[in-house]
Amino acid sequence: MSGEMNDRARKWRQAVFVGALVIGDVVGIFACFVTAYWLRYRAPGIGEIGAGPGILAYAQAVLLVSGTWVAIFAYFGLYELRRGWRISDLLFTGFAAVTLGMIFFLALSYLLKWFFYSRLLLGYLWLTNIVGVVLVRLVMKRALMWAYRRGVGVRNVVVVGDTEAAASLVKTITLHPELGYRVIGALRQETAEGGRPGADRLGLRDTLAVLEKEQVQDVVLTVPVGQNEEMREFITACQTNGIEVRLVPDLYELYSTTMHLDGIEGIPLLAFRRASMLGWERGAKR
């Protein structure tokens with residue numbers, strides 16, 4: 001029952017989030033179009049005042065392609081609920097998505113013989129839409145942070161493990177409520193020896209009842225799963241009850257400094273970076 005409630009709540013939040021972003025993008029597309037039109041034909045000093053077709057000739061085309069642009073944005077993952085949007089990532093993804101959208105716009109213009117479009121206006125439209133995509137998501141990020149600080153939409157988290165990664169994760173979540181998480185507790189396996197203060201010693205088989213009682217939505221594992229059958233059963237039980245499970249890599253400390261993600265034909269690999277200076281480089285510095 002608790003799993004079903006968590007799943008419904010998650011789907012409802014996702015629907016509200018996506019709906020708000022879609023509305024923001026559609027409004028942003030038209031706002032960028034108006035801005036591009038003003039820069040091309042109305043802006044004092046740079047626009048050709050009185051030249052070109054009326055704004056409605058462009059608006060009809062923008063209305064026709066706006067739905068396709070939203071689909072392209074969805075394809076690039078711009079409607080996924082993220083708690084850590086970075087401007088650099090948004091700029092890169094926005095650039096790719098808007099560029100593909102403009103290519104579609106130009107192809108449709110050619111097929112429908114819309115030859116009255118100004119290339120300069122399309123350039124303005126391309127540039128302003130990249131900025132618009134980023135701004136819409138930064139505004140949404142600020143809105144989410146405001147809500148999270150007031151406890152709205154916050155997800156309850158339990159950290160499993162007695163490691164440096166677990167301690168770092170708990171500290172980060174505690175210091176940054178704007179991330180939208182609340183640490184309910186820290187757990188470690190019965191077989192663990194020693195341990196940090198504050199980590200409750202509960203068997204994983206007994207933990208699921210505690211998670212349901214505390215309405216936990218997320219579990220983060222900072223211990224290796226490997227061939228641990230009990231841990232595998234625990235993960236399966238969490239998934240069945242609508243609890244999302246995340247795993248911190250066992251090589252967390254190394255990964256954060258000397259490793260990077262690589263792959264061979266779709267097989268993910270963690271690769272160690274080579275020494276910063278080798279051979280003649282070290283000699284040249286000396």
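Trainee: Which residues is Thr93 in contact with, leaving aside its neighbours within four places in sequence?

Mentor: In this predicted model, Thr93 is in contact with Phe76 and Leu78, once the neighbours within four places in sequence are left aside. Thr93 itself is found in helix H3, which covers residues 87–111.

Trainee: What makes Thr93 count as buried or exposed?

Mentor: The relative accessible area of Thr93 is 15%, and buried means under 20%, so Thr93 is called buried. Across the chain, buried residues make up 37% of the 286 residues.

Trainee: Why is Arg86 called exposed?

Mentor: Arg86, which is found in the loop between H2 and H3, has a relative accessibility of 53%, and because the word exposed requires a value over 50%, Arg86 counts as exposed. In space, the C-alpha atom of Arg86 is 9.7 Å from that of Val134, although the two residues are 48 residues apart in sequence.

Trainee: How do you know that Val139 is exposed?

Mentor: Val139 lies in helix H4, residues 119–149, and its relative accessible area is 56%; since exposed means over 50%, the value places Val139 in that class.

Trainee: Why is Ala20 called partly exposed?

Mentor: Ala20 has its place in helix H1, residues 2–41, and its relative accessibility is 35%. Buried would need a value under 20% and exposed a value over 50%, so Ala20, lying in between, counts as partly exposed. From C-alpha to C-alpha, Ala20 and Val136 are 9.7 Å apart, while in sequence they are 116 residues apart.

Trainee: Turning to the helices, what makes H2 and H3 oblique to each other?

Mentor: The axes of H2, residues 55–75, and H3 come within 10 Å and cross at roughly 140°. Roughly antiparallel would need an angle over 145 degrees, and roughly perpendicular covers 65 to 115, so the pair falls among the rest and is called oblique. H2 passes H3 in a right-handed crossing.

Trainee: Which residues make the contact of H2 with H3, and how do they divide by type?

Mentor: From H2 the contact includes Ala61, Val65, Trp69 and Phe73, and from H3 it includes Ala97, Gly101, Phe104 and Leu108, among others. The residues of this contact divide into 14 nonpolar, two polar and no charged.

Trainee: What residues take part in the contact of H3 with H4, and how many are charged?

Mentor: Among them are Ile87, Leu91, Phe95 and Leu106 of H3, together with Leu122, Trp126, Asn129 and Arg137 of H4. The residues of the contact divide into 15 nonpolar, three polar and one charged.

Trainee: How many helices and strands does the chain have, and what share of its contacts join residues at least 24 apart?

Mentor: The chain has nine helices and seven strands. Of the contacts between residues at least 6 apart in sequence, 70% join residues at least 24 apart. As for its surface, the chain exposes about 17,200 Å², of which carbon and sulfur atoms supply 63%.

Methods. Residues numbered from 1 in each chain as written. Predicted model: local features only at pLDDT ≥ 70, side-chain atom pairs only at ≥ 80, totals over all residues. Heavy atoms only, no water. Axes fitted to C-alpha atoms, helices over the stretch in contact; angles between N-to-C directions. Helix = DSSP H or I, 4+ residues; strand = E, 2+ residues; numbered from the N terminus. Parallel < 35°, antiparallel > 145°, perpendicular 65-115°, else oblique. Left-handed = near helix turned anticlockwise from the far one by under 90°. Contact = heavy atoms within 4.5 Å. Nonpolar A, V, L, I, M, F, W, Y, C, P; charged D, E, K, R; others polar. Buried < 20%, exposed > 50% of the residue type's maximum accessible area, 1.4 Å probe, protein only. Areas by Shrake-Rupley, 256 points an atom, 1.4 Å probe, with all protein chains shown as cover.
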